[in-house]
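The following exercises are intended to be worked through with the model at hand.

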Amino acid sequence: MLLQAHAVMTTQPKTMKGIRYMQPLDYLKNYTGKNVFVKLKDGTEYSGKLRLTDNAMNLVMDETKMVTELNKLVAQLGTVFIRGSNLLFVSIEPEKVTFFEQNQQQQTQPQEESKDLNDEE
């Protein structure tokens, strides 16, 4: 009973001087049962339904799909566990994630000029 009460308390917005705020983990926990988009530090991307998250941001996702950077399906994985230390980001609004063609990404990035060591004289 004590554990259940604690879990409920952590998901409630806290107030400080009349301002309501939530911790990021509490906010993420409110998206349990909803679709999320996850990118890992190694560049792999997953889309699925968030089942569970903990204080280390470990995730359990259902109906998970591995996708490429252009949102093309690589594999259907079902239920997966993702270790929180591998996360780069979690999008709670996967419908707003925009994918660009590889050549469009290169055009939008500023061109870096490479300097030749011989030109410094």
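The exercises below concern a predicted model and proceed from the overall fold to single residues.

**Exercise 1. The chain as a whole**

Determine how many helices and strands the protein chain contains, and in what order they run.

*Solution.* Step 1: counting the elements gives 3 helices and 7 strands. Step 2: read from the N terminus, their order is α-β-β-α-β-β-β-β-β-α. Step 3: for the burial of the chain, 22% of its 121 residues count as buried. Step 4: the protein chain exposes about 9,500 Å², of which carbon and sulfur atoms supply 52%. Step 5: among contacts with a separation of 6 or more, 40% join residues 24 or more positions apart.

**Exercise 2. The largest nonpolar core**

Identify the residues of the largest nonpolar core and the elements that give two or more residues to this core.

*Solution.* Step 1: the core has 12 residues, namely Leu28, Tyr31, Val36, Val38, Leu40, Tyr46, Leu50, Leu59, Met61, Val80, Ile82 and Leu87. Step 2: two or more of these residues come from each of β3 (35-40), β4 (45-53), β5 (59-67) and β6 (73-82). Step 3: β3 supplies the largest share, with 3 residues. Step 4: as general background, nonpolar side chains in soluble globular proteins tend to be buried together.

**Exercise 3. Strands β5 and β6**

In which sense do β5 and β6 pair, and over how many bridges?

*Solution.* Step 1: the pairing is antiparallel and extends over 7 bridges. Step 3: both Leu59 and Ile82 belong to the core of Exercise 2. Step 4: the hairpin of β5 and β6 has 5 residues between the strands, and Asn71 in this hairpin takes a positive phi near 65°. Step 5: Leu59 and Ile82 are also touched by Leu87, as are Val38, Lys39, Leu40, Lys41 and Met57, when residues up to four places away in sequence are not counted.

**Exercise 4. The setting of Arg51**

Why does Arg51 count as partly exposed?

*Solution.* Step 1: Arg51 is located in strand β4. Step 2: its relative accessible area is 44%. Step 3: buried requires under 20% and exposed over 50%, so Arg51 is classed as partly exposed. Step 4: apart from neighbours within four places in sequence, Arg51 contacts Thr32, Val60, Met61, Asp62 and Thr79. Step 5: Lys34 lies 17 residues from Arg51 in sequence, with a C-alpha to C-alpha distance of 8.0 Å.

Key
Residues are numbered from 1 along each chain as its sequence is written. This is a predicted model: local features need pLDDT of at least 70, side-chain atom pairs count only at pLDDT 80 or more; totals for chains, interfaces and linings use all residues. Side-chain values use heavy atoms; hydrogens and water are left out. Helices (H or I, at least four residues) and strands (E, at least two) are DSSP runs, numbered from the N terminus. Buried means under 20% relative accessible area, exposed over 50%, partly exposed in between (1.4 Å probe, protein chains only). Contact means heavy atoms within 4.5 Å. Accessible areas come from the Shrake-Rupley method with a 1.4 Å probe; for residues, only the protein chains shown count as cover. A nonpolar core is a set of buried Ala, Val, Leu, Ile, Met, Phe, Trp, Tyr and Cys residues joined through side-chain atoms within 4.5 Å. Two strands pair if DSSP finds at least two bridges between them.
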